[in-house]
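Here is a short briefing on a structure. Start with how its parts are arranged, then move to the detail.

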Amino acid sequence: MSRSINDYWYPVGLLSGIDAPHATLLLGADITVGRTHSAYWVTDAAGKALPTIKRFGHLWTCPGTPMDDLFTIPEADTAGRQLVDVGSVRVKCSPLRAVENFLDIAHFPFVHTDILGAEPHTEVARYNVDIREDANEVWATKVKFFQPQAAKSAEGGITTEYMYRVASPTCAVLYKTCPPRPGEWDVITLFVQPLNEEWCEVWPWMALYDDDSTMAEMVSFQQLIFMQDRSILENQIPTKLPLDPGMEVPTQADLTSIAYRRWLKKIGYTYGAQLVAA
Amino acid sequence: MDWVAVGLCEDVPARTVVPRRVQNTDLAIWCSTAGVFHAWGDRCPHRGMRLSHGFVRGETLSCIYHGWTYDGDGACVSIPAHPDLTPPKSICAAQYACRVQDGTIWVALQPTQAAVPELGARRAIRSLAVQLSAETLATRLKQPFGPVITLGGAHDIALAVQPSTDTDCLLHAFAAPDQDRKAVSLALEHLRDELEAAA
Ligand code: FES
Ligand SMILES: [Fe+2]
């Protein structure tokens, strides 16, 4: 049986940013997020305390009954990384559209022109995708793409390798070749708080090896990238993610998106999804 | 309405694309490098991105999201992620009939045999948005509802009415060639304010 959307963990704030109680939305319901001394808390509209977890620099909550622990990212725990609290961006789109865009590389030359991609280097070579039944996650591996400036610490163009991991329906992790440390992966995440089915708060977070850039530089680099993504996300029709084939036309470059949609359907996560063609 | 005016040619120069709405249908109106106008559904078949955010190269329109490129017939001719692939013929943008007459771009959402409406010996002045349905607008002007409303008067004004949504329309205004553009433009703004204020 598929679990209810209420039984997943969702990000609701940056630990470093939570202070006075503030009202927000989660899955269309009012919640309040706050901190009393060093104790972080979340309450629902009736004032009932919801379970919380502090992880990856964010506060997480679950409005239903959490069925398991929030996922972990062991790679992010290795010493020497800069943990970057990017902050949040509100986007008028389905939370699922936001995740799907994060899993997509084919848009780099057109949306992140001269930063993450550039014409004529537009080809997306075949990569591997699988739905891992044991962990209930979607993975894309051996994804390779030419990038003119792969990261703040990258000089000139390189072919970058990536792995994408969908760790929960609204959270994805990107592992990316790390220019200063061959053999290690930089970790960039996208945690999405579904405000409602067509509006979300997106919390990117990063664990990078980068000794040259300041925190402010790394934050503004990622914010620039995400602003470019937002101009796309707020202009897709329909706003919700179509899960049934027929409405959109995927190609081989979209294997991750195809697997993500298939997986959402399989686990019955349809909040923010459009099930019948409009 | 068979033909609906969606803009003045001078507002959509070569190599540009703009969004327009006709009866709640979102359109991407674009002009090729050679000056050919097109009216397409504002939605890329790949992943639903608005084509009005795209870019024109030569006689093609490309989507800004992944660069899929469509020729003048709306057929997808290039998928940059797969440069060696010839896109299947089935991938195409929704196309609508589009004509240019009197310096104005006309679109028909349904196939039609009707002729594009005549605007007489007038010249294009400007477009302006009005927060009224096309029906209410005609009623308040005490004119029959239709694609063109002729007001006449000192400036000999004619309005091509683009019903955008159920509550908004865009007016494309024309006047006698000897009339001062600025004066007509001001008169139109006054008229709009009056119409919106009238109960
Ligand atoms: S959505 Fe248009 S090219 Fe992908
Ligand atoms: Fe992006």
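The centres of domain 1 and domain 2 of chain B, taken over C-alpha atoms, are 27 Å apart. This is a predicted model. The domain assignment puts domain 1 of chain B at 4–108 and domain 2 at 123–197.

**Between the domains of chain B**

- Contact involves 13 residues of domain 1 and nine residues of domain 2.
- Strands β1 (4–8) and β2 (16–22) of chain B each supply at least two residues of the domain 1 side.
- β1(B) gives the most to that side, with five residues.
- By class, the domain 1 side that touches domain 2 of chain B has five nonpolar, five polar and three charged residues.

**The four-stranded sheet of chain B**

- What is the strand order in this open sheet of chain B? The order is β11-β14-β13-β12, with antiparallel pairing.
- β11 (123–130) and β12 (148–152) of chain B are the edge strands, and each pairs on one side only.
- From one strand to the next, the twist averages 25 degrees.
- β12(B) and β13(B), residues 157–163, run antiparallel and are joined by four bridges.
- Opposite Thr150(B) stands Ala158(B), a residue of β13(B).
- Helix α2 of chain B, residues 181–197, lies across β11, β13 and β14 (169–175) of chain B.
- The helix α2(B) runs at about 25 degrees to β11(B).

**Between the chains**

- How many residues of chain B are in contact with chain A? The contact takes in 19 residues of chain B and 18 residues of chain A.
- The chain B side that touches chain A divides into nine nonpolar, six polar and four charged residues.

**The largest nonpolar core**

- The largest nonpolar core holds 121 residues.
- Which members touch the most other members? In chain A they are Ala98(A), Val99(A), Ala172(A) and Met206(A). In chain B they are Val6(B), Leu27(B) and Val107(B).
- Strand β15 of chain A, residues 199–208, gives the most to this core, with seven residues.
- Val99(A) touches Val166(A), Thr170(A), Ala172(A), Leu190(A) and Val192(A), leaving out residues up to four places away in sequence.

Technical notes
Residues numbered from 1 in each chain as written. Chains lettered and ligands numbered in written order. Predicted model: local features only at pLDDT ≥ 70, side-chain atom pairs only at ≥ 80, totals over all residues. Pairing = 2+ DSSP bridges. Axes fitted to C-alpha atoms, helices over the stretch in contact; angles between N-to-C directions. Contact = placed C-beta atoms within 7 Å. Domains from an automatic or database assignment. Nonpolar A, V, L, I, M, F, W, Y, C, P; charged D, E, K, R; others polar. Core = buried A, V, L, I, M, F, W, Y, C linked by C-beta atoms within 7 Å. Buried ≥ 20, exposed ≤ 12 C-beta atoms within 10 Å, placed from the backbone.
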